[in-house]
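Here is a set of exercises to work through with the structure open beside you. Try each task before you read its solution.

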Amino acid sequence: MTDNRKSVPSVSVSYTRTGSSTKSNALGMRPMQERAYEKRGEQYLLIKSPPASGKSRALMFVALDKLANQGLKQAIIVVPEKSIGASFNDEPLSRYGFWADWRVAPRWNLCNAPGEDGGKVKSVGAFLESDDQVLVCTHATFRFAVDKFGIEAFDDRLIAVDEFHHVSSSPDNKLGLHLGDFIARDKVHLVAMTGSYFRGDAEAVLSPGDEAKFESVTYTYYEQLNGYEYLKQLDIGYFFYSGPYADDILAVLDPAEKTIIHIPNVNSRESTKDKIREVEHIIEALGEWQGADPATGFQLVRTPDGRTLRIADLVDDDAAKRDRVSAALKDPAQKNNRDHVDIIIALGMAKEGFDWIWCEHALTVGYRASLTEIVQIIGRATRDAPGKTRARFTNLIAAVDASDEAVREAVNDTLKAIAASLLMEQVLAPRFEFKVKNPTTSAATPGFDYGEGGYDPTKCNVGFHEERGVFEVEIKGLVEPKSAEAARICREDLNEVIATFVQDKRSIERGLFDEELVPEELTQVRLGKIIKDKFPELDEDDQEAVRQHAIAALTLTQQAKKIASGSEGDEPTRNTALVEGVRKFAMDVRELDIDLIDRINPFGEAYAILAKTMSEDSLKQVAAAIAAKRTALTPEEAKELAQRAVRFKRERGRLPSISSTDAWEKRMAEGAAAFVRFKDEGRYE
């Protein structure tokens, strides 16, 4: 396996390969599955776990217990597309220690079966009347079946929704409406599973009231990757190109790596509008075409060094050819054959649920509108396989060109790519647990390593729990959550909060390119506003607690990366380097308090990477495009600043001063004055 990587600036995270996430217990369960099975008695269960962590089998264990021991009549497994239905084929679980096998009668796997006379919806009705126990169908079939038979027909049954991020609480999302009705009726059990709980849009997956009813099982990317046997490093980066992308693709595509290339949607800026020619262009760049393999349909290409590449083309408009290639990729006899295929070229396929363990490089051309889609694509490369020590995701993006009419779109794509990179960094890092530092009551927590010298009661400590993949960080002045819901958000959903923040266009534009920025305008005002909008049911103190926890997690990850990359040069960041980076940051400051964290621009390190990645001209053009549309203080921002000024007065006994030498105090004073002016002008209702 080659280690000759094309040079692309990227996030690079390494893991210690403990092997724990691939080991099974006496019942044949891996750690994530065991964690889910411990919660099998819950009526509403939400499993959040990365691709390849074994969610399908976790559901089998839970469903079999619900059918045998919890009085449920049947289990209905709902998947987003037919190809994913194969994940729920028969499994001889008893062979590995479980007390039952997973069986789905062929007629009830509607992802494979043609359905009864009258179609698949009628088959669902026939299943509900039968004595059989398990049915597998698509989200679409299930939606139509609920419309036809009503929610009452599903009483006393388990409904398991795979790839749950396809659901939303929006009135336009039919599956989301049905699930809301099921929860309101309270006569079914629900298991929801996802590898990517945040959505590319801003729509919540569940309403806050419904979400509160679910018991969550969370297995992090860190736990999954750190527990692998072979894969030890994951790189994530973006690469800017000029002209047709196929001309530059070999700058990032190493033919010796097992690669999935996703070409751009024909409506996107990066597309040449001729997808067939794009595939031909990629093949020509790789070598000399030798024809197609008659058995698999794979394209055979001889490289300049004499190797013959086997390339699967899933873009071909000829359905028969495409289906033959797709079937060859799914051939179970070839699953463990590393030499079966070398490169897969796809457009809409080979994403969610696609399993090719040998994939080392997911190369995506053009920005993808959804963070969920990016996570799913990255998940194709993060399977563990013998001899596979590194994997990477590269996003190829068209550089900003002043002569391009779509400069605004190009700038937006650039910002979105940076947001995705920031978020994936957060997802891949260990989880953060924050505690308020109290010199008289704070103490070490068993199981945490506090570094050389151990726990120091006089300082803000950073502990790390290797097995759980969790940081424990003490912060002075931290507001702790009071309600159970705020505590749950701080414990489980900080990445969802950070996802919303880094995707907020005004925040990332100002964080990257506003030289006059006072960081608190983003860390306190903008993030505070986002959290008020996202969690209106929380009181002001709990909203502030969530804000502080989220900005602390984002800032500590960014500062640790900065320290680690500075000490390591261009070497990949080791798992221990990130841990030491968080510790060093905490030790280097006189006191780790929330005010200090709020005074750091959370996008500063992202700008440093962008400056290395993008040409100087392109960088200037992006900055100019953003500066041209910069607006003065809005009434909404003035109101937020005025509220911060009130909090300032409550804490310090005086109002912020307009003549203060402290930039943040001066900004609050300006905001409060603007608020009064806007109010006098009748700008507020």
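## Exercise 1: A cluster of rings

Ring pairs link Tyr222, Phe432, Phe434, Phe464 and Phe471 into a cluster. Please keep in mind that this is a predicted model, in which local features need pLDDT of at least 70, side-chain atom pairs count only at pLDDT 80 or more, and totals for chains, interfaces and linings use all residues. Residues are numbered from 1 along each chain as its sequence is written, and side-chain values use heavy atoms, with hydrogens and water left out.

**Task.** Describe the aromatic pair of Tyr222 and Phe464, then the pair of Phe464 and Phe471.

**Solution.** 

Step 1. Recall what to look for: a pair of aromatic rings is described by the distance of the centres and the angle of the planes. Rings of Phe, Tyr and Trp (its six-membered ring) pair if their centres lie within 6.5 Å; planes under 30 degrees apart count as stacked, over 60 as edge-to-face and the rest as tilted. A search of the whole structure with this rule finds 18 aromatic pairs.

Step 2. Between Tyr222 and Phe464 the centres are 6.1 Å apart and the planes stand at 85°, an edge-to-face pair. Tyr222 belongs to helix 7 (residues 221–226) and Phe464 to strand 17 (residues 462–465), so this pair ties together parts that are 242 residues apart in sequence. Helices (H or I, at least four residues) and strands (E, at least two) are DSSP runs, numbered from the N terminus.

Step 3. Now take Phe464 with Phe471: the ring centres are 5.0 Å apart and the planes make 50°, so the pair is tilted.

Step 4. Check the burial. Buried means under 20% relative accessible area, exposed over 50%, and partly exposed in between (1.4 Å probe, protein chains only). Tyr222 has a relative accessible area of 2% and is buried; Phe464, at 5%, is buried. Phe464 and Phe471 are both buried.

## Exercise 2: Covered helices

**Task.** How many residues of helix 11 are buried, and what do the buried residues of helix 3 pack against?

**Solution.** 

Step 1. In helix 11 (residues 371–379), eight of the nine residues are buried, so-called mostly covered. Among them are Leu371, Ile374, Val375 and Ile378.

Step 2. In helix 3 (residues 120–129), the buried residues are Val121, Ser123, Val124, Gly125, Phe127 and Leu128. They pack against strand 3 (74–79), strand 4 (134–138), helix 4 and strand 5.

## Exercise 3: Positive phi

**Task.** Where do Asp156 and Asp186 lie, and what is phi for each?

**Solution.** 

Step 1. Asp156 sits in the loop between helix 4 (139–149) and strand 5 (157–161). Its phi is near 60°, a positive value in a residue other than glycine. Asp156 is partly exposed, at 36% relative accessible area.

Step 2. Asp186 sits in the loop between helix 5 (174–185) and strand 6 (189–194). Phi of Asp186 is positive, about 65°, although the residue is not a glycine. With a relative accessible area of 41%, Asp186 is partly exposed.

Note on methods:
Contact = heavy atoms within 4.5 Å.
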